[in-house]
Each structure stands twice: as C-alpha cells, then as structure tokens.
Amino acid sequence: MIEVDNITKTFVIPVKRDDGFFKSLVSREYIYKEAVKGISFFVNKGELVGYIGLNGAGKSTTIKMLCGILNPDTGSIRVNGINPFKNRRENNMNIGVVFGQRGQLWRDLPVQDSFILLKKIYNVADEDYKRRIQFLDNMLDIGELMKIPVRKLSLGQRMRCEFAGSLIHWPDVIYLDEPTIGLDILTKKRVLSFVKELNEQYQKTIIFTTHNMHDIEDLCDRVILIDKGLIMYDGKIQELKASYNKQKVLSITFRNVIELDKQNLLEIVERFGQIKDIHNNNLILHIEDGGIDNIRHVLDKMNEICVITDYSISSFKFEDIIENIYLQESK
Ligand SMILES: Nc1ncnc2c1ncn2[C@@H]1O[C@H](COP(=O)(O)OP(=O)(O)OP(=O)(O)O)[C@@H](O)[C@H]1O
C-alpha cells in the first residue's frame, strides 16, 4: 500500500549576512540540511504505524513527501501504486492529512462551507456526504460548530473539524502529523479513540506522528523510529519491549542518604548494573535480568553495607526504552 524506497531530502538554505541580506545573491553561499538520508519502509493496508523521532528527526519531511507536497531528491514513493509528487491530484483523492501545527480548512469560512467546498473538490456524492457528516458528527461532535467560521473555533474544536474535513472523501490512507498537540485530555481521548476506530472498524491505513509515547503505545502495534533522517527501529512495539526486558529496573530505598563511595556501594552497583538515578536515599538501577535470584543477591550484598527499607522491580516502560535509544544515538 505505502512503499517507500530509500528516499532522501536535502534542504538548501541560502545563508544570510549579518545585515540580513542573502549572501547567495552575491557569493552563492548555502547551507545544506539533510533532513532525510535514505529511508525505506513498507506499510500494508489496514496498518496503524507510529512514526516517531526527536525534534528535527525528519518526520514531517517524510510525511510531506508521502503527501506529494515535497519531492524526494532520490529514491521512490508509491502510495497505492501512485507517485504522490508526480500525480498529486490522483494521490490526494486517496489520502487524508491532518497537521496539528497547521490548519487546512478555510479560516474565514464557516466549517460547513469548508466541508461543502471539500465535497465539491473531491466530487463526493450527496448521499455519501450526508452519511459521512452524520457519522463524523457522531464521532467528533461537530454539529454545533458547523456554522462558526474556522478562525473563531478553539484549538480543540478546530482539530475535530480538521479531522472531519480530512475524511469527507473517505480516503484509504490517513497521515496524522502531531494531531493531538495542545489538545485537552478529553478532546485528545476522543480524537485518539476515533483514530483507533478508523483503523479497526474501517481498515484505514494510518501513519501517526507524535512525541507522546503513551499515545503511540495505546494506538499502534508497529513503530518506526527515526533519528537524524535515518531509521533506527522498524517493528512491533512488543518486540522492542521484549528485547529490552532482558533488563529490569530495580528501585531501592535506603534508610539513610546514599553515600556511594563511603559504603562501597559503588562496587556492587557497577558489578551488577548501571545507575539510572540517585536521589537522597533512593537509587534506581538497570540490572541484567538473571531472574529473581540475581536481584536478591544484589539486594543482599547491599544490605550487608546499609539498610534497605524498600525496593521494587519493574520492567522498562516503552517511554524509557525510546529515551534510552535516543540517548545512545546522541552519544
Ligand atoms: N522547508 C525547510 N527548509 C529548510 N530546512 C527544513 C525545512 N523543513 C525542515 N527542515 C529541516 O529539516 C530537518 C527535519 O525537519 P522535520 O520538520 O522533518 O523534523 P520533525 O522530525 O518533523 O521535527 P519536529 O518533531 O520538531 O516537528 C530539521 O533540521 C529542519 O530544520
């Protein structure tokens, strides 16, 4: 359905002089920013994929190439067999897009008029339009907003209308680029459960970008993680978690404030794991999971030196795993 083969994109940015004029007018100086450095992936029909990465990793640039807004410098993209940039109109009939940072409805028109324009642009039959508006109202509660100009809506109201507008032509493929940014908790829940329903009930193929790892974990089975324009991981969230859960997080509370050097604790810690955090009398360690015996052994050794008042053992959270990967990559 979505085939991305080794795409790259470099932005060429003219350098400005101190006086604000472009150097390039005189000396042709440019900065080359490689936003996407060779990305390949395949998304099957009906998949919901989380596309994640730090700020500036290249997520939006990829989404813009998938939409046909930007043309990759090299490599190729096919969405339902269509080249999005060369056949942008044909591609648009097949995709819906929501950018959290940028509205796509007409700001000065009432929501309803925007929808009617979209109906015309996409050539949607009257019956289909009525049925879809009814459905979108049920899901997103937009009925009362229909007569209000888009610019007068709150962010949450506008986003619900943006979602509805992007689906009037009922596309098979939906790109959501940070669609929940700035939404209150209830609006976010509503929007996310709608995304889930679109995928599960209507087999929409969805690529979803966000910085919120809880949302990704709730919604997606598969995640593509990019860093500095390259894919770091592409696979099931469960598999990523399983590979990390060879380690455990051991959180220990001592009776007294921890003094690593004085009490020879450091030696034990370094033998069995890595320090994640030390705070007053709390120590958080990442240790290799050699089973409960290994953890007991660590605790016994520490107890010989200082009194442990509490401890807990947990697995890595998805959020921690992603943070770890980012940290490793930035070293
Ligand atoms: N139109 C542009 N002109 C010049 N550079 C750009 C342009 N668009 C993006 N970039 C640069 O390309 C890199 C990737 O940007 P992109 O917007 O794809 O990142 P992102 O992963 O979506 O980040 P964020 O999470 O902050 O939205 C960044 O260094 C950015 O500054």
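How do the residues of the shell around the ligand divide into nonpolar, polar and charged?

Guide: This is a predicted model, in which local features need pLDDT of at least 70 and side-chain atom pairs count only at pLDDT 80 or more, while totals for chains, interfaces and linings use all residues. Residues are numbered from 1 along each chain as its sequence is written.

The shell around the ligand divides into 4 nonpolar, 6 polar and 2 charged residues, where Ala, Val, Leu, Ile, Met, Phe, Trp, Tyr, Cys and Pro count as nonpolar, Asp, Glu, Lys and Arg as charged, and the others, Gly among them, as polar. Its members are Phe-11, Ile-13, Lys-33, Ala-35, Gly-53, Asn-55, Gly-56, Ala-57, Gly-58, Lys-59, Ser-60 and Thr-61, a residue being near a molecule if its C-beta atom, placed from the backbone, lies within 6 Å of it. Strand E1 (2–14), strand E2 (30–43) and helix H1 each supply at least two residues of this shell, helices (H or I, at least four residues) and strands (E, at least two) being DSSP runs numbered from the N terminus. H1 gives the most, with 3 residues.

Lys-59, Ser-60 and Thr-61, which belong to the ligand shell, are among the buried residues of H1, as are Ile-63 and Cys-67. After the helix comes Gly-68, whose phi is positive, near 90°.

Elsewhere in the chain, strand E8 (residues 222–227) has 5 of its 6 residues buried, so it is largely enclosed by the rest of the structure. Strand E3 (residues 48–52) runs parallel to E8 and is joined to it by 4 bridges, pairing of two strands requiring at least two DSSP bridges between them; here Val-49 stands opposite Arg-222. E8 also pairs with strand E9 (residues 230–236), in the antiparallel sense and over 6 bridges, with Leu-230 of E9 as the bridge partner of Asp-227. The hairpin of E8 and E9 has 2 residues between the strands, and Lys-228 takes a positive phi near 45° there.

As for confidence, the mean pLDDT of the chain is 89, and 93% of its residues reach 70 or more, pLDDT being the predictor's confidence in each residue, from 0 to 100.

Note on methods:
Buried ≥ 20, exposed ≤ 12 C-beta atoms within 10 Å, placed from the backbone.
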